[in-house]
Amino acid sequence: DTRCVHRSPDGSVALAQCEDRTFRFLQLPAELLGITVESTLSASLPRCLTQSAPILDYAWYPAASIRNPASFCFVASVRECPVKLLDASDGRLRASYKIVDHRERQIAPHSLAFNPSANRLYCGFEDAIEVFDVNCPGEGTRLRTTPSKKSRDGLKGIISALAFAPDMSSALYAAGTLSPSSPSSSNISLFSEDTGEAPVMFLGAEDRRHGASYGVRASVSQLMFNPARPHLLYASFRRMDSILCWDIRSDVGQPLQIFTITPMPISGNERRPATNQRLRFDTDYGGRWLSVGDQDGGISVFDLAAQSDPAHGENAPQPSSTPRTTPIMQFDGHRDAVGSVAFHPLRPLLLSVSGSRHFEKPTSAAGDRSDSDDEVEVSGTVGASSEKPVRSPAVTISRQRPQPFALDTSVKLWRFERDVEYGGKRQVSG
């Protein structure tokens, strides 16, 4: 069961996180990538890298390339273990970064992110962010996102998502938590590498002038800045069929745009109930397209250029309501929830993986029986026969817990291309 997939920064390989505590390299067709097999050296990569415990998160080194063995590595967060810097070519441990709580226990962060200059590693966990110097393994610097456990100020909860603005001059990064926003504070905040743990601003979701709550009443699943327009921040939330976008140059108390997914049922079936599974979205390197999967196996593509660049500043007019955008393309990709999608950095290719936990309904081994079935039945009068009394058959009930299963655990590569016969619209083929 594949949970998530990330391409390497150069697009030569893809690394998938699986439910069986392993990392697996996905062998991509070389003819679609426009490169030769010899140049990628993908045949020499190990098939899987097994870890000692469940994997929480992982991230490629920003300059990772299979053509440069020194930079071909990634960091992984494994439960009850230090953060690992692993060599992607053979799984060898290069360095470890420890996060220890007040009980001397190892803490595995729920989110990982490198800064744009790739010299610092940021790790998010409960009520704090640990910052490490990549070149100095060991212990890092802890940034408290809230003054104390009892305080209502700051960013409270497990830091579930981290994202850096692509421009190095701003030094801004966003952090989101699994705790839903409260009426007094939001669960998404902007920080700066220069100011430390002091938040720069909080992002809201509704207009507070009309008495609405501040922030989104849902857990943050993913955060991402637009690669071409670093002032735009996108966020997805647990059990929500929409992606919110903010312009951090203007009023962040209200989203600039909301992308509505509108999932389509598979083959005319009814929609499945919402789950807590993370459904990760992705944008292409040009900042033009955004793609995301849904729990019913559909894949949606949004045109980010359809929204005109609004005026910003203190005197900029604020819209009365947030505009909603629907996808320009939707298609059935899988028969199960699409947990992750990833664009290729250089070619019109989209990688998607599916898989979700399903449980069978428990079935009893025998039906209900009345109390009389358990009684002893004796034929004839007392003392008339010396035979032993005949008892009813024993009822066997299974004590095994139901095991999860997946409907579809496939990995698919989609190619987008323009066809003149169809009026220049983008066509997709898998």
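## The second largest pocket

Let us start with the second largest pocket, which holds about 780 Å³ of space. A pocket here is an open set of points on a 1 Å grid over the protein atoms alone, where a 1.4 Å probe fits, with protein on both sides within 12 Å along at least five of seven lines; lining residues have an atom within 4 Å of a point. Points are joined across faces, edges and corners, and the volume is the space filled by probe spheres set on them.

Its lining has 20 residues, and Arg3, Glu19, Ile55, Arg278 and Arg357 lie nearest the centre. S1, strand S2 (14–18) and S5 each give two or more residues to this lining. Strands are DSSP runs (E, at least two residues), numbered from the N terminus.

## The largest pocket

About 1300 Å³ of space lies in the largest pocket. Among its 41 lining residues, His6, Trp60, Met224, Asp282 and Tyr285 are the closest to the centre. Strand S1 (2–7) and strand S5 (55–60) are among the elements that give two or more residues to this lining.

## The chain as a whole

The model is predicted: local features need pLDDT of at least 70, side-chain atom pairs count only at pLDDT 80 or more, and totals for chains, interfaces and linings use all residues. Residues are numbered from 1 along each chain as its sequence is written, and side-chain values use heavy atoms, leaving out hydrogens and water.

Of the chain's 430 residues, 48% are buried (under 20% relative accessible area, 1.4 Å probe, protein chains only).

How values were computed. Helices (H or I, at least four residues) and strands (E, at least two) are DSSP runs, numbered from the N terminus. Buried means under 20% relative accessible area, exposed over 50%, partly exposed in between (1.4 Å probe, protein chains only).
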